[in-house]
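I should like to take you through one structural model, beginning with a pair of strands and ending with the chain as a whole.

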Amino acid sequence: MKVRPALLIQRDNQILVMQYRYGEEDVYALPGGNPDRGETLDIALIRELQEELGIDVEVGPLAFAGEVMLPQAKEDVLHMVFTGEITDGEPVLNPEHTTALAVVWKPVSELDSLNMYPNVGRQIQRWLNTRNSLEYIGKISQQFFG
């Protein structure tokens with residue numbers, strides 16, 4: 001199982017997401033990425049967001065974690081969603097470091113209907129309402145994009 005950290009950044013009742021195109025579908029994801037060997041999750045997030053979006057971030061507590069069980073040909077993924085904030089810069093895509101098409105701020109109220117990977121829009125809304133960190137949400141029901 002692969003581990004993928006992501007950062008939940010909120011500003012003015014909106015969440016920072018990256019827009020991708022998988023097949024014919026637009027898919028949105030929290031910014032994050034894969035840790036390099038020997039790299040801790042927080043350091044991976046700091047590096048990934050600097051490389052992909054040109055921003056400096058502070059990584060806060062873990063909000064929640066859950067797994068996406070992928071089809072046989074791919075590795076299952078444990079998604080670790082941390083809270084955080086931008087400490088310097090404005091997010092701008094760096095196409096040398098990401099396949100994302102855009103970086104956008106989406107209203108919190110739209111997250112439960114947004115096509116996300118992982119499919120955690122409702123969990124984000126619930127976390128923002130309760131602020132209970134370290135929630136294990138288990139298996140994430142996910143449609144697959146091809």
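This is a predicted model: local features need pLDDT of at least 70, side-chain atom pairs count only at pLDDT 80 or more; totals for chains, interfaces and linings use all residues.

Let me begin with strand 2 and strand 3, which pair in the antiparallel sense over five bridges. Pairing here requires that DSSP find at least two bridges between two strands. Helices (H or I, at least four residues) and strands (E, at least two) are DSSP runs, numbered from the N terminus. Within this pairing, Q19 has Y28 of strand 3 as its bridge partner.

Where does one find aromatic pairing? A search of the whole structure finds one aromatic pair. Y20 and Y22 are stacked, at 5.9 Å centre to centre with 10° between the planes. The criterion is that rings of Phe, Tyr and Trp (its six-membered ring) pair if their centres lie within 6.5 Å; planes under 30 degrees apart count as stacked, over 60 as edge-to-face and the rest as tilted. Y20 is buried, with a relative accessible area of 10%, whereas Y22 is partly exposed at 33%. Buried means under 20% relative accessible area, exposed over 50%, and partly exposed in between (1.4 Å probe, protein chains only).

The largest nonpolar core has 23 residues, and L8, I15, L30, F64, L111, M116 and I124 have the most contacts inside it. Strands 1 to 5 and helix 2 (121-130) each give two or more residues to this core. A second, separate core of 18 residues includes Y20, I55, V57 and L62. Such a core is a set of buried Ala, Val, Leu, Ile, Met, Phe, Trp, Tyr and Cys residues joined through side-chain atoms within 4.5 Å.

Next, helix 1 (residues 41-53). Its end C-alpha atoms are 17 Å apart, in agreement with the 18 Å that its 13 residues should span; the expectation is 1.5 Å times one less than the number of residues. Among its buried residues are A44, L45 and L49. The buried residues of helix 1 pack against strands 1, 2, 4, 5 and 6. Just after the helix, G54 takes a positive phi of about 70°.

T83 lies in strand 5 (residues 77-88) and is buried at 11%. Leaving aside neighbours within four places in sequence, T83 is in contact (heavy atoms within 4.5 Å) with residues including L7, L8, E58 and W127. V77 is also placed in strand 5, and is buried at 4%. V77 and R4 are 73 residues apart in sequence and 6.8 Å apart in space, C-alpha to C-alpha.

Finally, the whole chain. Its secondary structure comes to two helices and seven strands, in the pattern β-β-β-α-β-β-β-α-β. Buried residues make up 47% of the 146 residues.

Definitions and conventions:
Residues are numbered from 1 along each chain as its sequence is written. Side-chain values use heavy atoms; hydrogens and water are left out.
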